Amino acid sequence: MEKLLLLMVMLATCCAAPQDLSGKVFVFPRESNVDRVKLLTPQAKFNSVTTCLRFKTDLARNYGLFSLATGRFSNDFVLFKPTSSNTIRMHAQDGGADFLSLSLSPNTWHSVCGTWRSDNGLAQLWVDGKATIKRFIKTGPITGAPISILGQEQDSYGGGFAADQSFIGMITKVHMWDYVLPAAEIKRYMVDAHFTPGNVFNWRAMNYEITGQVVVDEVSEVM
C-alpha cells in the first residue's frame, strides 16, 4: 500500500506543471475540516528538515501551519500553534517540543523557520529573524511517502482534520529543504533577500493541490 501511495505521489508530481507563486498567497478564509493545500514531492526520506513560511492570522485558538505525515507517523514533521499566545510546537516522528516566549502579534505577518536533525534529534525555531534555543525531539530519519498539508493538522495519514484546529488567514513563501539551512541563509529568507530556494518545496516552482475553499490571491500589502 505504501509503495502504491508513493507511486501515485510521484505520478502526480511529474505530471503537474510547477507553479511560480511569487507575489501570491494562499488564503484560508473560514473554519473548516476540509479546506487545505497539499504540497507534492516524490522524496520519501529526510535525514534533516528545514521548513520556512510566512503567515498572518487573527486566531487566538490553536491551529496547524504545516503538517507532514507518513504511514509511520501522523506527526512526522509538524509546525503547530497551541492556544498559548507565545508558543509554537514542533513535532518530529510523533515526538514534540514547545518553543516558548515568542512574539506572535495578531494581524501581523510573521516569518517562521523550523529546523530538525535526525542524527541528534535537535530542533530549533526562527521567528521574525530571531533564533530560539535548541530542544531535543527525537532521532531517526523520516521515511515513507509524505503527505504534506498547509492549513490543517493531520491526526491520521492524509486525514483526521478538525475544524477547531484549522488555520484561518494567509500563508505565503513556503520552502522546505532536506537539510538544516545555515543560519545565514535563514536570515536572508527572513528579510526576503537572495537565498537558496527549497529543494523539496520551492514557492517559485510549487506542485500543489487545493481541496475546499482555499484561494490563491495576489499579495496586496507589504510583508
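This is a predicted model: local features need pLDDT of at least 70, side-chain atom pairs count only at pLDDT 80 or more; totals for chains, interfaces and linings use all residues.
Two strands pair if DSSP finds at least two bridges between them.

**Entry one: strand S6**

I looked up the neighbours of S6. Four bridges join S6 to strand S7 (residues 88-92), and the two run antiparallel. S6 and S7 form a hairpin, with six residues between them.

I then looked up strand S5 (residues 63-69). Five bridges join S5 to S6, and these strands also run antiparallel. Here I found Gly-64 opposite Phe-80 in S6.

Next I asked which way the side chains of S6 point. Phe-77, Leu-79 and Lys-81 point one way, while Val-78 and Phe-80 point the other way. I noted that all of them are buried. Since five of the five residues of S6 (residues 77-81) are buried, the strand is largely enclosed by the rest of the structure.

I moved on to helix H2 (residues 183-190) and asked which of its residues are buried. They are Glu-185, Ile-186, Tyr-189 and Met-190. These residues lie on the same side of H2, because they cover an arc of only 145 degrees around the axis. I wrote down the general rule beside this: an α-helix has 3.6 residues a turn, so residues three or four places apart point the same way.

I looked up what the buried residues of H2 pack against. The list is strand S4 (48-56), strand S9 (110-117), strand S10 (122-127) and strand S15 (169-177).

Last, I checked the chain just after H2, where Asp-192 takes a positive phi of about 60 degrees.

Notes. Residues are numbered from 1 along each chain as its sequence is written. Side-chain values use heavy atoms; hydrogens and water are left out. Buried means under 20% relative accessible area, exposed over 50%, partly exposed in between (1.4 Å probe, protein chains only). The arc is that of the directions from the helix axis to the C-beta atoms. Contact means heavy atoms within 4.5 Å.
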